[in-house]
Amino acid sequence: MKKNAAELAVYALEQLGIRHTFGIPGVHNTELYDALNNSTQIKPVLVTHEGGAAFMADGVSRSADWHQHRPKEIGVLVIVPAAGFTHAASGIGEAFLDGIPMLVISGGIRTDTGRRFQLHGIDQLQLAKPITKAAYRINHQSEVIETLYQAYQLATSGKPGPVLVEIPVNLQLFKESVPAPMPYSQFLEDMAKPENSDLSTLTEQALQLLSAANKPAMFVGWGARHAKQQLVQLAEKLQMPVATTLQGLASFPHQHPLHAGFGFSPSAVPAAQYAFADCDVLLAIGTRFSEIPTGSFSAEVPDNLIHVDIDDSVFNQNYPAKVAIPADALEFTDALLEQMADSAARSPDQTLVKGIKKRKADYQQSWLDHDSGDRVNPAHFFNRLRKASADDAITVLDDGNHTFLTAELYPLSSKARLLTPTDFNAMGYAVPAAIGAQFTQPEKQVFAIVGDGCFLMTCMEISTAVSHALGVIYFIFNDGELSQIAQAQQIPYNRKPCTQLGPINFEGVAQATGAGYLEISNNDAIEEAIQNALKTAAKGVPVIVNVAIDYSKQTAFTAGTARTTFSRFPLKQRLRIGARAIARKLSG
(Lines give C-alpha, C1' and ligand atoms only; values in the text may rest on other atoms or scores of the structure.)
Protein backbone atom coordinates (compact mmCIF):
# COMPACT_ATOMS: atom_id res chain seq x y z
CA MET A 1 0.00 0.00 0.00
CA LYS A 2 1.10 3.59 -0.64
CA LYS A 3 0.73 6.25 2.06
CA ASN A 4 2.27 9.57 2.89
CA ALA A 5 3.69 10.38 6.32
CA ALA A 6 0.78 12.67 7.22
CA GLU A 7 -1.81 9.92 6.75
CA LEU A 8 0.32 7.47 8.73
CA ALA A 9 0.87 9.95 11.58
CA VAL A 10 -2.87 10.53 11.98
CA TYR A 11 -3.48 6.77 12.00
CA ALA A 12 -0.91 6.38 14.80
CA LEU A 13 -2.41 9.23 16.84
CA GLU A 14 -5.88 7.70 16.51
CA GLN A 15 -4.50 4.37 17.72
CA LEU A 16 -3.01 6.16 20.74
CA GLY A 17 -6.39 7.61 21.73
CA ILE A 18 -5.55 11.21 20.90
CA ARG A 19 -8.59 13.48 20.61
CA HIS A 20 -7.03 16.93 20.22
CA THR A 21 -3.94 18.51 18.73
CA PHE A 22 -2.83 22.10 19.28
CA GLY A 23 -0.83 24.33 16.99
CA ILE A 24 -0.73 26.52 13.89
CA PRO A 25 -0.51 25.36 10.26
CA GLY A 26 2.44 26.44 8.14
CA VAL A 27 4.11 25.47 4.90
CA HIS A 28 5.85 22.51 6.56
CA ASN A 29 2.75 20.85 8.03
CA THR A 30 -0.25 21.74 5.85
CA GLU A 31 -0.43 18.14 4.60
CA LEU A 32 -0.54 16.92 8.18
CA TYR A 33 -3.35 19.35 9.00
CA ASP A 34 -5.26 18.17 5.95
CA ALA A 35 -4.98 14.60 7.19
CA LEU A 36 -6.07 15.66 10.69
CA ASN A 37 -9.09 17.38 9.16
CA ASN A 38 -10.16 14.02 7.70
CA SER A 39 -10.09 12.32 11.11
CA THR A 40 -13.40 11.66 12.82
CA GLN A 41 -11.64 11.22 16.18
CA ILE A 42 -9.12 14.05 16.40
CA LYS A 43 -9.96 17.75 16.54
CA PRO A 44 -7.06 19.99 15.48
CA VAL A 45 -7.24 23.19 17.54
CA LEU A 46 -5.93 26.46 16.12
CA VAL A 47 -4.22 28.65 18.74
CA THR A 48 -2.98 32.24 18.68
CA HIS A 49 0.61 31.34 19.63
CA GLU A 50 2.54 28.06 19.82
CA GLY A 51 3.45 28.85 23.44
CA GLY A 52 -0.26 28.69 24.22
CA ALA A 53 -0.49 25.41 22.31
CA ALA A 54 2.20 23.85 24.48
CA PHE A 55 0.48 24.96 27.69
CA MET A 56 -2.85 23.61 26.38
CA ALA A 57 -1.21 20.26 25.64
CA ASP A 58 0.25 20.30 29.15
CA GLY A 59 -3.23 20.98 30.57
CA VAL A 60 -4.64 18.01 28.65
CA SER A 61 -2.03 15.64 30.08
CA ARG A 62 -2.30 16.90 33.67
CA SER A 63 -6.08 16.76 33.80
CA ALA A 64 -6.60 13.48 31.92
CA ASP A 65 -8.03 10.43 33.68
CA TRP A 66 -5.59 7.59 34.21
CA HIS A 67 -5.75 3.92 33.25
CA GLN A 68 -3.08 1.33 34.10
CA HIS A 69 -0.37 3.84 35.06
CA ARG A 70 -0.90 6.01 31.98
CA PRO A 71 -3.18 8.96 31.13
CA LYS A 72 -6.01 8.11 28.77
CA GLU A 73 -4.98 11.03 26.59
CA ILE A 74 -1.84 13.13 26.41
CA GLY A 75 -1.34 16.56 24.92
CA VAL A 76 -0.10 16.74 21.32
CA LEU A 77 1.44 19.70 19.51
CA VAL A 78 1.42 19.98 15.73
CA ILE A 79 3.71 22.87 14.89
CA VAL A 80 6.00 24.26 12.21
CA PRO A 81 9.76 23.84 12.65
CA ALA A 82 12.13 26.51 13.98
CA ALA A 83 9.94 29.46 15.08
CA GLY A 84 7.06 27.15 15.97
CA PHE A 85 9.33 25.09 18.16
CA THR A 86 11.00 28.03 19.88
CA HIS A 87 7.63 29.69 20.50
CA ALA A 88 6.44 26.46 22.12
CA ALA A 89 9.69 25.94 24.05
CA SER A 90 8.43 27.42 27.34
CA GLY A 91 5.54 24.98 27.48
CA ILE A 92 7.76 22.09 26.39
CA GLY A 93 10.35 23.00 29.03
CA GLU A 94 7.63 23.24 31.69
CA ALA A 95 6.42 19.76 30.81
CA PHE A 96 9.97 18.42 30.83
CA LEU A 97 10.89 19.66 34.32
CA ASP A 98 7.45 18.93 35.80
CA GLY A 99 7.26 15.39 34.38
CA ILE A 100 4.29 15.89 32.05
CA PRO A 101 3.89 13.61 28.99
CA MET A 102 3.59 15.38 25.64
CA LEU A 103 4.05 14.58 21.95
CA VAL A 104 5.58 17.38 19.91
CA ILE A 105 5.03 16.71 16.22
CA SER A 106 6.79 19.14 13.97
CA GLY A 107 7.17 19.54 10.27
CA GLY A 108 10.69 19.63 8.92
CA ILE A 109 12.53 21.04 5.95
CA ARG A 110 12.78 18.99 2.78
CA THR A 111 15.40 16.27 2.89
CA ASP A 112 15.29 15.36 -0.82
CA THR A 113 16.64 18.50 -2.53
CA GLY A 114 20.19 18.85 -1.27
CA ARG A 115 19.56 22.58 -0.89
CA ARG A 116 20.91 24.62 2.01
CA PHE A 117 19.43 27.71 3.68
CA GLN A 118 15.87 26.46 3.40
CA LEU A 119 13.07 28.27 5.22
CA HIS A 120 13.04 27.20 8.89
CA GLY A 121 16.32 25.40 8.30
CA ILE A 122 17.62 24.75 11.80
CA ASP A 123 18.53 21.54 13.62
CA GLN A 124 15.54 21.14 15.93
CA LEU A 125 16.86 17.92 17.39
CA GLN A 126 19.74 19.87 18.90
CA LEU A 127 17.38 22.59 20.15
CA ALA A 128 15.18 19.95 21.75
CA LYS A 129 17.90 18.08 23.64
CA PRO A 130 17.77 20.01 26.96
CA ILE A 131 13.95 20.12 27.19
CA THR A 132 12.74 16.76 25.84
CA LYS A 133 13.26 13.13 26.76
CA ALA A 134 14.16 12.38 23.14
CA ALA A 135 13.91 13.80 19.63
CA TYR A 136 13.41 11.78 16.45
CA ARG A 137 13.61 12.70 12.76
CA ILE A 138 11.63 10.49 10.36
CA ASN A 139 13.69 9.36 7.37
CA HIS A 140 11.06 7.36 5.47
CA GLN A 141 7.29 7.01 5.51
CA SER A 142 7.60 3.45 6.78
CA GLU A 143 9.11 4.72 10.08
CA VAL A 144 6.23 6.99 11.06
CA ILE A 145 3.90 4.69 12.96
CA GLU A 146 6.46 2.79 14.99
CA THR A 147 8.36 5.99 15.82
CA LEU A 148 5.21 7.66 17.15
CA TYR A 149 4.38 4.58 19.21
CA GLN A 150 7.89 4.59 20.64
CA ALA A 151 7.68 8.32 21.33
CA TYR A 152 4.38 7.83 23.18
CA GLN A 153 5.80 4.98 25.26
CA LEU A 154 8.81 7.08 26.19
CA ALA A 155 6.69 10.16 26.93
CA THR A 156 4.43 8.24 29.32
CA SER A 157 6.88 5.85 31.01
CA GLY A 158 9.34 6.35 33.84
CA LYS A 159 9.38 10.03 34.64
CA PRO A 160 7.01 11.30 31.91
CA GLY A 161 7.97 14.15 29.62
CA PRO A 162 7.80 15.61 26.11
CA VAL A 163 9.17 13.83 23.04
CA LEU A 164 9.73 15.49 19.67
CA VAL A 165 9.05 13.78 16.34
CA GLU A 166 10.06 15.75 13.26
CA ILE A 167 8.43 14.76 9.97
CA PRO A 168 10.09 16.38 6.93
CA VAL A 169 7.60 18.03 4.60
CA ASN A 170 8.55 15.92 1.57
CA LEU A 171 7.58 12.75 3.45
CA GLN A 172 4.19 14.32 4.19
CA LEU A 173 3.64 15.35 0.58
CA PHE A 174 4.76 12.25 -1.28
CA LYS A 175 3.43 8.70 -0.99
CA GLU A 176 5.64 5.65 -0.76
CA SER A 177 5.03 1.93 -0.42
CA VAL A 178 4.74 0.97 3.24
CA PRO A 179 3.67 -2.15 5.17
CA ALA A 180 0.10 -2.40 6.40
CA PRO A 181 -0.31 -0.04 9.41
CA MET A 182 0.50 -1.73 12.70
CA PRO A 183 -2.21 -1.41 15.40
CA TYR A 184 -0.97 -0.09 18.71
CA SER A 185 -2.15 -3.26 20.45
CA GLN A 186 0.24 -5.29 18.29
CA PHE A 187 3.10 -2.94 19.14
CA LEU A 188 2.36 -3.41 22.86
CA GLU A 189 2.54 -7.20 22.59
CA ASP A 190 6.27 -6.89 21.91
CA MET A 191 6.84 -4.72 24.98
CA ALA A 192 6.93 -6.77 28.18
CA LYS A 193 6.97 -4.60 31.30
CA PRO A 194 10.12 -5.28 33.35
CA GLU A 195 9.50 -6.44 36.89
CA ASN A 196 10.82 -4.46 39.83
CA SER A 197 12.53 -7.40 41.53
CA ASP A 198 13.89 -5.30 44.40
CA LEU A 199 10.57 -3.71 45.35
CA SER A 200 9.58 -6.27 47.97
CA THR A 201 12.94 -6.08 49.77
CA LEU A 202 13.05 -2.28 49.70
CA THR A 203 9.43 -2.01 50.86
CA GLU A 204 10.24 -4.31 53.78
CA GLN A 205 13.12 -2.03 54.78
CA ALA A 206 10.80 0.98 54.59
CA LEU A 207 8.21 -0.78 56.74
CA GLN A 208 10.80 -1.57 59.40
CA LEU A 209 11.75 2.10 59.66
CA LEU A 210 8.14 3.25 59.75
CA SER A 211 7.13 0.66 62.35
CA ALA A 212 9.95 1.72 64.67
CA ALA A 213 9.30 5.44 64.26
CA ASN A 214 7.98 7.62 67.06
CA LYS A 215 6.86 10.49 64.81
CA PRO A 216 6.66 9.35 61.18
CA ALA A 217 5.41 11.79 58.56
CA MET A 218 4.63 11.73 54.86
CA PHE A 219 5.57 14.21 52.13
CA VAL A 220 3.87 13.70 48.77
CA GLY A 221 4.25 15.30 45.35
CA TRP A 222 2.75 15.24 41.89
CA GLY A 223 4.11 11.75 41.29
CA ALA A 224 1.79 10.38 43.98
CA ARG A 225 -1.46 11.95 42.78
CA HIS A 226 -2.89 8.72 41.30
CA ALA A 227 -2.33 6.85 44.59
CA LYS A 228 -4.50 9.18 46.67
CA GLN A 229 -6.63 6.42 48.20
CA GLN A 230 -3.55 4.43 49.22
CA LEU A 231 -1.90 7.53 50.72
CA VAL A 232 -4.94 8.09 52.92
CA GLN A 233 -4.81 4.48 54.11
CA LEU A 234 -1.11 4.74 54.94
CA ALA A 235 -1.54 8.04 56.77
CA GLU A 236 -4.38 6.65 58.89
CA LYS A 237 -2.74 3.33 59.64
CA LEU A 238 0.55 4.89 60.76
CA GLN A 239 -0.97 8.17 62.02
CA MET A 240 1.33 10.23 59.82
CA PRO A 241 0.74 13.91 59.17
CA VAL A 242 0.88 14.68 55.44
CA ALA A 243 2.38 17.68 53.66
CA THR A 244 2.43 18.16 49.90
CA THR A 245 4.58 19.88 47.34
CA LEU A 246 3.17 22.80 45.36
CA GLN A 247 2.60 20.70 42.25
CA GLY A 248 1.19 17.92 44.40
CA LEU A 249 -1.34 20.07 46.28
CA ALA A 250 -4.21 17.82 45.17
CA SER A 251 -2.39 14.56 45.93
CA PHE A 252 -3.96 14.37 49.40
CA PRO A 253 -7.42 15.62 50.47
CA HIS A 254 -7.14 18.85 52.42
CA GLN A 255 -10.18 18.15 54.60
CA HIS A 256 -8.52 15.03 56.02
CA PRO A 257 -7.57 15.58 59.69
CA LEU A 258 -3.96 14.47 59.00
CA HIS A 259 -3.43 16.93 56.15
CA ALA A 260 -0.99 19.57 57.41
CA GLY A 261 -0.40 21.83 54.41
CA PHE A 262 1.97 22.83 51.65
CA GLY A 263 5.59 22.00 52.57
CA PHE A 264 6.98 21.57 56.08
CA SER A 265 9.95 23.94 56.11
CA PRO A 266 10.17 27.28 57.97
CA SER A 267 8.26 28.64 54.94
CA ALA A 268 5.27 26.36 55.59
CA VAL A 269 2.01 27.24 57.32
CA PRO A 270 1.95 26.81 61.14
CA ALA A 271 0.02 23.51 61.02
CA ALA A 272 2.69 21.86 58.86
CA GLN A 273 5.58 23.20 60.92
CA TYR A 274 3.89 21.87 64.06
CA ALA A 275 3.02 18.47 62.60
CA PHE A 276 6.51 17.82 61.23
CA ALA A 277 8.45 19.03 64.26
CA ASP A 278 10.67 16.23 65.61
CA CYS A 279 9.78 13.93 62.69
CA ASP A 280 12.11 10.93 62.96
CA VAL A 281 11.10 9.02 59.79
CA LEU A 282 9.95 10.77 56.63
CA LEU A 283 8.21 8.87 53.84
CA ALA A 284 8.54 10.99 50.68
CA ILE A 285 6.63 9.82 47.61
CA GLY A 286 6.69 11.35 44.15
CA THR A 287 8.78 14.41 45.05
CA ARG A 288 12.30 15.55 44.20
CA PHE A 289 12.82 17.89 47.18
CA SER A 290 13.18 20.83 44.82
CA GLU A 291 13.54 24.47 45.80
CA ILE A 292 9.94 25.64 46.21
CA PRO A 293 8.43 22.88 48.41
CA THR A 294 11.52 22.82 50.64
CA GLY A 295 11.37 26.57 51.24
CA SER A 296 14.58 27.22 49.31
CA PHE A 297 16.11 24.05 50.78
CA SER A 298 15.53 25.13 54.39
CA ALA A 299 13.47 22.04 55.27
CA GLU A 300 15.01 19.77 57.90
CA VAL A 301 14.79 16.16 56.78
CA PRO A 302 15.55 13.35 59.24
CA ASP A 303 18.32 10.83 58.65
CA ASN A 304 15.66 8.15 58.26
CA LEU A 305 14.37 9.30 54.87
CA ILE A 306 12.44 6.81 52.74
CA HIS A 307 12.42 8.29 49.25
CA VAL A 308 10.12 6.80 46.61
CA ASP A 309 10.13 8.08 43.04
CA ILE A 310 9.83 6.60 39.59
CA ASP A 311 12.92 8.60 38.54
CA ASP A 312 15.96 7.18 40.33
CA SER A 313 18.11 10.17 39.34
CA VAL A 314 16.45 12.27 42.08
CA PHE A 315 17.76 10.16 44.96
CA ASN A 316 20.48 11.49 47.28
CA GLN A 317 20.65 14.86 45.59
CA ASN A 318 19.51 17.49 48.07
CA TYR A 319 18.79 15.09 50.95
CA PRO A 320 20.37 11.64 51.43
CA ALA A 321 17.97 8.71 51.64
CA LYS A 322 18.21 5.84 54.10
CA VAL A 323 16.07 3.79 51.72
CA ALA A 324 15.71 4.81 48.06
CA ILE A 325 12.94 3.04 46.17
CA PRO A 326 12.70 3.48 42.38
CA ALA A 327 9.03 2.74 41.83
CA ASP A 328 5.73 4.20 40.73
CA ALA A 329 3.76 5.60 43.68
CA LEU A 330 0.81 3.29 43.14
CA GLU A 331 3.06 0.25 42.79
CA PHE A 332 4.90 1.10 46.01
CA THR A 333 1.88 2.03 48.14
CA ASP A 334 0.03 -1.13 47.13
CA ALA A 335 3.10 -3.20 48.05
CA LEU A 336 3.54 -1.43 51.39
CA LEU A 337 -0.11 -1.80 52.33
CA GLU A 338 0.02 -5.49 51.43
CA GLN A 339 3.02 -6.01 53.72
CA MET A 340 1.25 -4.07 56.47
CA ALA A 341 -1.93 -6.11 56.17
CA ASP A 342 -1.32 -8.19 59.28
CA SER A 343 0.14 -5.42 61.42
CA ALA A 344 -1.98 -3.48 63.84
CA ALA A 345 -2.82 0.11 63.02
CA ARG A 346 -1.64 2.81 65.40
CA SER A 347 -4.20 4.33 67.71
CA PRO A 348 -5.53 7.68 66.49
CA ASP A 349 -3.23 10.50 67.61
CA GLN A 350 -5.80 12.97 68.90
CA THR A 351 -3.12 15.38 70.10
CA LEU A 352 -1.68 15.57 66.61
CA VAL A 353 -5.07 15.93 64.95
CA LYS A 354 -6.25 18.61 67.37
CA GLY A 355 -2.96 20.47 67.01
CA ILE A 356 -3.26 20.53 63.21
CA LYS A 357 -6.91 21.58 63.35
CA LYS A 358 -6.24 24.43 65.79
CA ARG A 359 -3.32 25.85 63.83
CA LYS A 360 -5.24 25.66 60.57
CA ALA A 361 -8.14 27.50 62.16
CA ASP A 362 -5.88 30.12 63.75
CA TYR A 363 -4.06 30.76 60.48
CA GLN A 364 -7.33 31.04 58.59
CA GLN A 365 -8.67 33.46 61.20
CA SER A 366 -5.56 35.63 60.96
CA TRP A 367 -6.38 36.16 57.29
CA LEU A 368 -10.09 36.73 57.87
CA ASP A 369 -9.23 39.33 60.53
CA HIS A 370 -6.82 41.13 58.22
CA ASP A 371 -8.15 44.53 57.19
CA SER A 372 -8.19 44.61 53.40
CA GLY A 373 -9.83 48.00 53.29
CA ASP A 374 -11.97 48.42 50.21
CA ARG A 375 -10.25 45.55 48.38
CA VAL A 376 -10.89 41.77 48.36
CA ASN A 377 -9.58 39.72 51.27
CA PRO A 378 -8.01 36.53 49.83
CA ALA A 379 -9.37 34.26 52.58
CA HIS A 380 -12.92 35.49 52.04
CA PHE A 381 -12.54 34.94 48.30
CA PHE A 382 -11.24 31.38 48.61
CA ASN A 383 -13.82 30.38 51.22
CA ARG A 384 -16.67 31.46 48.99
CA LEU A 385 -15.15 29.94 45.87
CA ARG A 386 -14.79 26.59 47.65
CA LYS A 387 -18.40 26.78 48.84
CA ALA A 388 -19.74 27.61 45.37
CA SER A 389 -17.66 25.28 43.19
CA ALA A 390 -18.00 21.55 42.58
CA ASP A 391 -15.88 19.08 44.55
CA ASP A 392 -14.34 17.76 41.33
CA ALA A 393 -13.58 21.17 39.83
CA ILE A 394 -10.20 21.63 38.15
CA THR A 395 -8.16 24.59 39.38
CA VAL A 396 -5.34 25.99 37.25
CA LEU A 397 -2.73 28.34 38.69
CA ASP A 398 0.04 30.43 37.19
CA ASP A 399 3.32 31.62 38.69
CA GLY A 400 3.09 34.40 41.26
CA ASN A 401 1.78 35.54 44.63
CA HIS A 402 -1.65 34.12 43.83
CA THR A 403 -0.04 30.67 43.61
CA PHE A 404 0.99 30.64 47.25
CA LEU A 405 -2.23 32.27 48.44
CA THR A 406 -4.09 29.39 46.80
CA ALA A 407 -1.71 26.81 48.27
CA GLU A 408 -2.27 28.13 51.79
CA LEU A 409 -5.90 29.26 51.77
CA TYR A 410 -7.85 27.14 49.27
CA PRO A 411 -8.92 23.69 50.57
CA LEU A 412 -9.05 20.94 47.93
CA SER A 413 -11.46 18.01 48.22
CA SER A 414 -10.55 14.41 47.53
CA LYS A 415 -11.96 14.71 43.98
CA ALA A 416 -10.25 17.99 43.13
CA ARG A 417 -7.46 18.45 40.61
CA LEU A 418 -4.98 21.30 40.57
CA LEU A 419 -2.57 22.23 37.79
CA THR A 420 0.34 24.60 38.29
CA PRO A 421 3.75 25.25 36.76
CA THR A 422 6.54 24.66 39.24
CA ASP A 423 10.20 24.12 38.43
CA PHE A 424 10.34 25.74 34.98
CA ASN A 425 7.95 28.33 36.44
CA ALA A 426 6.69 29.76 33.17
CA MET A 427 4.44 32.78 33.58
CA GLY A 428 1.49 32.75 31.18
CA TYR A 429 0.68 29.10 31.87
CA ALA A 430 -2.82 29.30 33.35
CA VAL A 431 -4.93 30.82 30.56
CA PRO A 432 -4.09 28.19 27.89
CA ALA A 433 -3.59 25.28 30.32
CA ALA A 434 -7.14 25.77 31.60
CA ILE A 435 -8.37 25.56 28.01
CA GLY A 436 -6.52 22.25 27.58
CA ALA A 437 -8.06 20.95 30.81
CA GLN A 438 -11.56 21.93 29.65
CA PHE A 439 -11.02 20.18 26.31
CA THR A 440 -10.21 16.89 28.01
CA GLN A 441 -12.73 17.27 30.87
CA PRO A 442 -15.67 19.07 29.22
CA GLU A 443 -18.16 18.04 31.92
CA LYS A 444 -16.16 19.54 34.80
CA GLN A 445 -15.89 23.09 36.10
CA VAL A 446 -12.51 24.56 35.15
CA PHE A 447 -11.26 27.84 36.49
CA ALA A 448 -7.94 29.60 36.55
CA ILE A 449 -6.61 31.78 39.33
CA VAL A 450 -4.07 34.01 37.66
CA GLY A 451 -2.13 37.16 38.45
CA ASP A 452 -2.63 40.19 36.24
CA GLY A 453 0.95 40.02 34.92
CA CYS A 454 0.64 36.34 34.00
CA PHE A 455 -2.75 36.95 32.43
CA LEU A 456 -1.37 39.58 30.07
CA MET A 457 1.14 37.12 28.61
CA THR A 458 -1.41 34.73 27.07
CA CYS A 459 -4.85 36.31 27.50
CA MET A 460 -5.63 36.36 23.78
CA GLU A 461 -5.82 32.56 23.87
CA ILE A 462 -9.26 33.10 25.42
CA SER A 463 -10.40 33.58 21.82
CA THR A 464 -9.62 29.87 21.36
CA ALA A 465 -11.92 29.04 24.28
CA VAL A 466 -14.64 31.20 22.72
CA SER A 467 -14.24 29.47 19.34
CA HIS A 468 -14.81 26.08 20.94
CA ALA A 469 -17.49 27.14 23.47
CA LEU A 470 -15.39 26.29 26.51
CA GLY A 471 -16.72 27.85 29.69
CA VAL A 472 -13.45 28.43 31.53
CA ILE A 473 -13.55 31.02 34.33
CA TYR A 474 -10.54 33.29 34.77
CA PHE A 475 -10.20 34.95 38.17
CA ILE A 476 -7.60 37.68 37.65
CA PHE A 477 -5.93 38.73 40.90
CA ASN A 478 -5.42 42.32 39.89
CA ASP A 479 -3.18 44.60 41.95
CA GLY A 480 -1.37 46.44 39.17
CA GLU A 481 2.07 44.94 39.71
CA LEU A 482 4.11 41.77 39.54
CA SER A 483 3.41 41.26 43.21
CA GLN A 484 5.62 38.30 44.12
CA ILE A 485 8.72 40.10 42.90
CA ALA A 486 7.48 43.53 43.99
CA GLN A 487 7.16 42.25 47.57
CA ALA A 488 10.67 40.83 47.37
CA GLN A 489 11.94 44.22 46.16
CA GLN A 490 10.20 46.37 48.76
CA ILE A 491 12.21 45.53 51.89
CA PRO A 492 15.79 45.49 50.55
CA TYR A 493 15.36 48.23 47.93
CA ASN A 494 12.45 50.37 49.21
CA ARG A 495 11.42 50.63 45.59
CA LYS A 496 9.86 48.37 42.97
CA PRO A 497 11.77 48.80 39.71
CA CYS A 498 10.13 47.43 36.57
CA THR A 499 7.35 45.55 38.36
CA GLN A 500 4.54 48.11 38.03
CA LEU A 501 1.99 47.34 35.32
CA GLY A 502 0.42 50.07 33.26
CA PRO A 503 -3.33 50.71 33.19
CA ILE A 504 -5.15 47.74 31.68
CA ASN A 505 -8.76 47.53 30.57
CA PHE A 506 -9.60 43.89 31.29
CA GLU A 507 -13.15 44.45 30.12
CA GLY A 508 -11.62 45.41 26.78
CA VAL A 509 -9.84 42.03 26.68
CA ALA A 510 -13.20 40.33 27.24
CA GLN A 511 -14.78 42.34 24.43
CA ALA A 512 -11.88 41.58 22.10
CA THR A 513 -12.01 37.84 22.68
CA GLY A 514 -15.77 37.42 23.09
CA ALA A 515 -15.64 36.39 26.76
CA GLY A 516 -17.99 37.42 29.54
CA TYR A 517 -16.80 39.96 32.08
CA LEU A 518 -17.44 40.52 35.80
CA GLU A 519 -15.79 42.48 38.58
CA ILE A 520 -15.22 41.75 42.28
CA SER A 521 -14.28 45.08 43.81
CA ASN A 522 -14.75 44.18 47.50
CA ASN A 523 -15.75 41.33 49.81
CA ASP A 524 -19.48 42.04 49.45
CA ALA A 525 -19.31 41.39 45.70
CA ILE A 526 -17.61 37.98 45.87
CA GLU A 527 -20.54 35.60 46.18
CA GLU A 528 -22.78 37.12 43.52
CA ALA A 529 -19.94 37.43 41.01
CA ILE A 530 -18.89 33.79 41.46
CA GLN A 531 -22.45 32.58 41.00
CA ASN A 532 -22.90 34.69 37.86
CA ALA A 533 -19.57 33.44 36.50
CA LEU A 534 -20.60 29.82 37.02
CA LYS A 535 -23.93 30.42 35.27
CA THR A 536 -22.26 32.04 32.26
CA ALA A 537 -19.57 29.36 32.04
CA ALA A 538 -22.21 26.62 32.12
CA LYS A 539 -23.50 28.03 28.80
CA GLY A 540 -20.12 27.44 27.18
CA VAL A 541 -18.91 31.04 27.45
CA PRO A 542 -15.54 31.79 29.07
CA VAL A 543 -15.61 34.48 31.75
CA ILE A 544 -13.03 37.00 32.91
CA VAL A 545 -13.52 38.00 36.55
CA ASN A 546 -11.50 41.04 37.59
CA VAL A 547 -10.70 40.62 41.31
CA ALA A 548 -9.36 43.68 43.16
CA ILE A 549 -7.23 41.50 45.39
CA ASP A 550 -5.50 42.71 48.54
CA TYR A 551 -1.87 41.56 48.60
CA SER A 552 -0.83 43.60 51.65
CA LYS A 553 -0.51 40.54 53.90
CA GLN A 554 2.33 38.18 53.01
CA THR A 555 1.88 34.43 52.76
CA ALA A 556 3.79 32.18 55.14
CA PHE A 557 5.77 30.94 52.15
CA THR A 558 6.88 34.41 51.01
CA ALA A 559 7.79 35.62 54.48
CA GLY A 560 9.49 32.37 55.51
CA THR A 561 11.52 31.96 52.34
CA ALA A 562 12.75 35.56 52.49
CA ARG A 563 13.92 35.07 56.09
CA THR A 564 15.67 31.74 55.52
CA THR A 565 17.31 32.81 52.28
CA PHE A 566 18.65 36.00 53.89
CA SER A 567 19.86 34.11 56.97
CA ARG A 568 22.09 31.88 54.81
CA PHE A 569 23.93 34.80 53.22
CA PRO A 570 27.48 35.39 54.51
CA LEU A 571 27.55 37.84 57.44
CA LYS A 572 29.30 40.51 55.38
CA GLN A 573 26.58 40.40 52.75
CA ARG A 574 23.79 40.42 55.34
CA LEU A 575 25.27 43.57 56.87
CA ARG A 576 25.62 45.22 53.47
CA ILE A 577 22.06 44.45 52.40
CA GLY A 578 20.67 45.39 55.82
CA ALA A 579 22.51 48.70 55.85
CA ARG A 580 21.27 49.54 52.38
CA ALA A 581 17.67 48.72 53.35
CA ILE A 582 17.86 50.96 56.43
CA ALA A 583 19.47 53.82 54.50
CA ARG A 584 16.83 53.69 51.79
CA LYS A 585 14.06 53.51 54.37
CA LEU A 586 15.36 56.63 56.08
CA SER A 587 15.99 58.51 52.85
CA GLY A 588 12.69 57.50 51.27
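Predicted model: local features only at pLDDT ≥ 70, side-chain atom pairs only at ≥ 80, totals over all residues.

Colleague: How does its lining split by class?
Modeller: Six residues are nonpolar and four are polar. None is charged.

Colleague: How does one look for empty space anyway?
Modeller: A probe the size of a water molecule is rolled over the atoms, and that shows where space is left empty.

Colleague: New topic, helices. At what angle do helix 3 and helix 16 cross?
Modeller: Roughly 45°. Helix 3 covers residues 50-63 and helix 16 covers residues 430-440. Their axes come within 7 Å. Because of that angle, helix 3 counts as oblique to helix 16.

Colleague: Is that crossing left-handed or right-handed?
Modeller: The crossing of helix 3 and helix 16 is right-handed.

Colleague: Which residues make the contact?
Modeller: Helix 3 brings G52, F55, M56, G59, V60 and S63. Helix 16 brings P432, A433, I435, G436, A437 and T440. By class, this contact of helix 3 with helix 16 has seven nonpolar and five polar residues, with no charged ones.

Colleague: Now helix 1 and helix 2. How do they cross?
Modeller: Helix 1 is residues 5-15, and helix 2 is residues 30-37. Their axes come within 8 Å and cross at roughly 45°. So helix 1 is oblique to helix 2. The crossing of helix 1 and helix 2 is right-handed.

Colleague: Where do helix 1 and helix 2 meet?
Modeller: On helix 1, look at A6, E7, A9, V10 and L13. They meet E31, L32, A35 and L36 in helix 2.

Colleague: What classes are in that contact?
Modeller: In the contact of helix 1 with helix 2, seven residues are nonpolar and two are charged. No polar residue takes part.

Colleague: Last pair. How do helix 13 and helix 15 pack?
Modeller: At an angle of about 130°, with axes 11 Å apart. Helix 13 runs over residues 350-368, helix 15 over residues 401-409. That angle is why helix 13 is oblique to helix 15.

Colleague: And which residues touch there?
Modeller: Y363, Q364 and W367 of helix 13 contact L405, E408 and L409 of helix 15. Four of the residues in this contact are nonpolar, one is polar and one is charged.

Notes. Residues numbered from 1 in each chain as written. Heavy atoms only, no water. Nonpolar A, V, L, I, M, F, W, Y, C, P; charged D, E, K, R; others polar. Axes fitted to C-alpha atoms, helices over the stretch in contact; angles between N-to-C directions. Helix = DSSP H or I, 4+ residues; strand = E, 2+ residues; numbered from the N terminus. Parallel < 35°, antiparallel > 145°, perpendicular 65-115°, else oblique. Left-handed = near helix turned anticlockwise from the far one by under 90°. Contact = heavy atoms within 4.5 Å.
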